[in-house]
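Reader: Could you take me through this structure and say what stands behind the labels you use?
Author: Gladly; here it is.

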Amino acid sequence: MQDLFAEQLKALRAASLDRHLNEISSAQGPEITVVMRDRRPRRRLINFSSNDYLGLANDSRLREAATAAIEEFGVGAGASRLISGTQSPHLRLERALVEWKQADAALSFSSGYAAALGTIPALVTKNDVVLLDKLCHASLIDAAKLSGASLRVFPHNNLRKLKSHLEWARCAHPGKRVLIVTESVFSMDGDRAPLRELVQLKKQFGALLMLDEAHAVGVIGPHGRGLAAAERFSDDVDVQMGTLSKALGASGGYICGSQNLIEWLINRARSFIYSTAPPPAIAAAALAAVNFLSSSEGEERRLLLWKRIRLMRELLSPLTSHVSPDEDSGSAIFPLVVGDEHAALDLAAVLKNEGFLVPAIRYPTVAKGSARLRITVTAVHEEDQVRSLCEAIKRSLEFRVLRGPGCDVQQAA
């Protein structure tokens, strides 16, 4: 049994595609303590890999809310939500989500993955159609496959191809439900969906639109309500999905939509029905994060994040063609596309030696030959930390650290 996967693991290592867990021995933050794999002394690194965009994962508000909830409700929920696991913190969180997102109803899940996996198969079944952006998150892809619906993938943000798929669905599956699934901010490229045009197409063809706001929540829109709120299309998005585990600093996922949609999910979303409810302390922490985002102080934190985003864009855009120098949109995600998997690992190692944690992202998370460093900036990074990272990247490229077979750093002209 111990040799069952030996050859497959050997092939992964040969292709520079094997992965390892990094032990972090500190709380999340702009600086973290990493236990080195060779057990050398632990290193303090500046962290540019976290999705903790607002620095809330270790915020005192969330810690105090979680601690108070443990004192009152204990640690575990003890049962699924439909049995006896729906405790007061879960309902308080969902009421706060409704008010914050300005939706009719909301339902929280144990993770964003569970939210996707439960929702899409509850919305569409065999003979229905799912139209999915090629760069959608794995949870959305898996959920679409699990639903049994006919699945068509359109090239990233390609509205012409999406329209073609919608025309095909109308002819090949007349009278059946058609669900368009996309993300507001794409996790590996940091770009946005063309929401206005997507809404127009969904109305033209009578389709449903599901928008995953995971990397937009807390970052984009008034009080971080996301892209749909920023562009005033909240009422036109049938299913708004989000996460509690990135900018909100806690854990879990949620769905916002109509009252009927949420009641249907309570009855049909299998990942909700057949999972033990999230710990009440986690729900309480997420509630504290939502309340913070809804406040003037939370909006100030979000605007500070955008100052860091603009600085990162200004400094990074001369180094890579994947970062526009002048757009005032985008996100807190900056891809430095290298191409070759081994070269990406080399660059990540060079930056680690200089005191920065920016792990390489490789296949299957991104397409083969498009390995990259995925740089994320947060509101709690200091300006000097952002400048130091970009200087280290510039030095690495200027001294041709990546020179070698297969190297394909895509630099700006």
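Author: Residues are numbered from 1 along each chain as its sequence is written, and side-chain values use heavy atoms, leaving out hydrogens and water.

Reader: What is the mean pLDDT of the protein chain?
Author: The mean is 93, and 94% of the residues reach 70 or more; pLDDT is the predictor's confidence in each residue, from 0 to 100. Over residues 401-407, though, the pLDDT is below 50. Where pLDDT is low, the predicted coordinates should not be read in detail.

Reader: Why is Cys-256 called buried?
Author: Buried means under 20% relative accessible area, exposed over 50% and partly exposed in between (1.4 Å probe, protein chains only). Cys-256 has 1%, so it is buried, whereas Cys-171, with 66%, is exposed.

Reader: How do you know that Cys-256 is too far from Cys-136 for a bond?
Author: A disulfide is a pair of cysteine sulfur atoms within 2.5 Å. The closest cysteine sulfur to that of Cys-256, in Cys-136, is 18 Å away, so it is too far for a bond. The whole structure has zero disulfides.

Reader: What makes the buried residues of α6 line one face of the helix?
Author: The buried residues of α6 (residues 138-147) are Ser-139, Leu-140, Ala-143, Ala-144 and Ser-147. Seen down the axis, they fall within an arc of 130°, so they line one face; the arc is that of the directions from the helix axis to the C-beta atoms. Exposed Lys-145 and Leu-146 are on the face turned away from the buried side. Helices (H or I, at least four residues) and strands (E, at least two) are DSSP runs, numbered from the N terminus.

Definitions and conventions: This is a predicted model: local features need pLDDT of at least 70, side-chain atom pairs count only at pLDDT 80 or more; totals for chains, interfaces and linings use all residues. Contact means heavy atoms within 4.5 Å.
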